[in-house]
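Please keep the sequence and the model in view while reading.

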Amino acid sequence: MMMSKLVFALVFLVYPFLSSARHVITFRSSTSLQPSSLAWDPIAQHFVVGSVSGPTIHAISDAGVVEHLLSDPSTTGADGSATSVAVDPVRRRLIVGFSNPGSIAAYDLKSYERIFAVPLPEMDTIPGGVAVDLRSGEAFVSSTKRGVVWKVGLDGAVRVISESKIFGSQGLGGVVHVGRGYLLIVQAEMGKIFKVDSDDGAAKEVLSSGSSKPLVSAGHAIALHPDLSLIVATNRSVLLVKSDDSWAQAAVHDKSDLGDGVTAVAVAIREGKKAYVLVKSQEGYRIEEVAWERESEGDMVWGLVLIGLGLAYFMFWRFQMGKLVGNMNKKQA
């Protein structure tokens with residue numbers, strides 16, 4: 001009886017190590033909220049999502065409370081979509097890429113009043129991703145239609161910085177600004193990641209270390225971790241891609257499978273630490289913390305180690321108590 005109670009107590013104490021529980025935020029979608037993009041607002045402490053069903057932006061709290069932040073049909077028309085979002089916490093701006101027609105807009109993060117809204121040079125484009133250079137405030141927009149990257153100034157001036165032949169005939173997906181003078185851009189159809197100079201647009205493919213296979217097959221959305229690793233959303237999983245400082249080569253360091261019937265829509269980094277993924281399933285949409293396979297395995301090992309140490313200590317204690325009781329009986333005899 002005592003042994004069973006001890007095991008139960010040990011399991012209870014190390015349950016956080018053995019459990020695969022993660023932070024999950026469920027919320028209700030609507031006709032005006034069919035999420036297409038995700039960003040974390042560190043000032044307001046909530047997630048920001050764009051909608052594929054209209055030119056609208058919503059906030060999602062930890063409790064799953066949905067708050068309408070803005071709707072801007074005058075920028076795109078009622079049939080437009082907010083396909084990409086990025087937060088500029090330094091200047092307290094929200095940058096949004098719209099489609100139908102293709103445009104880029106900036107809004108004040110407190111009042112959500114429009115700062116500027118300008119059409120992209122190719123108005124039939126669909127922005128694949130938006131990123132912000134936190135030093136200069138310049139934004140970068142990729143196109144899912146073809147291999148082109150635009151730079152957007154603080155005043156809304158738009159110019160092409162890259163139409164590299166290395167992109168081929170395929171469009172581009174998510175984009176991040178690394179902060180060292182270059183961008184990382186994913187190309188979903190080819191499973192490639194490109195390193196693009198943020199000034200002259202020179203582009204190189206990031207090669208897969210030790211493999212000739214595509215680096216991130218079907219990767220369409222990305223986010224940059226502060227340690228310069230890349231979080232990549234594919235259709236059915238989230239990948240952790242790491243490289244050296246040059247990003248000449250990279251490899252998949254870890255993975256998180258989402259399960260059957262679950263599709264990754266977008267990814268974001270919260271508080272500069274944990275990765276979150278926006279997913280869609282038959283039950284609807286939700287935002288959940290990414291549970292990496294290697295971290296989960298490590299937690300399991302530590303949990304089992306703690307249980308083993310606890311049982312070993314208990315057996316040693318029983319042995320010592322047995323000797324003590326035996327010695328006392330001998331003295332009494």
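Four strands form an open sheet in the order S2-S3-S4-S5, with antiparallel pairing, where two strands pair if DSSP finds at least two bridges between them, and strands are DSSP runs (E, at least two residues) numbered from the N terminus. Strand S2 (35–41) and strand S5 (66–71) are the edge strands, each pairing on one side only, and the twist from one strand to the next averages 25°. Strand S4 (residues 56–60) pairs with S5 in the antiparallel sense over five bridges, and His-58 has His-68 in S5 as its bridge partner.

This is a predicted model, in which local features need pLDDT of at least 70 and side-chain atom pairs count only at pLDDT 80 or more, while totals for chains, interfaces and linings use all residues. Residues are numbered from 1 along each chain as its sequence is written, and side-chain values use heavy atoms, with hydrogens and water left out.

A search of the whole structure finds three aromatic pairs; rings of Phe, Tyr and Trp (its six-membered ring) pair if their centres lie within 6.5 Å, and planes under 30 degrees apart count as stacked, over 60 as edge-to-face and the rest as tilted. Two of the pairs are listed here.

| Pair | Centre to centre | Between planes | Class |
|---|---|---|---|
| Trp-40 and Phe-47 | 4.8 Å | 65° | edge-to-face |
| Phe-167 and Phe-194 | 5.1 Å | 75° | edge-to-face |

Methods:
Axes are lines fitted to C-alpha atoms, for helices over the stretch in contact, and angles run from 0 to 180 degrees between N-to-C directions.
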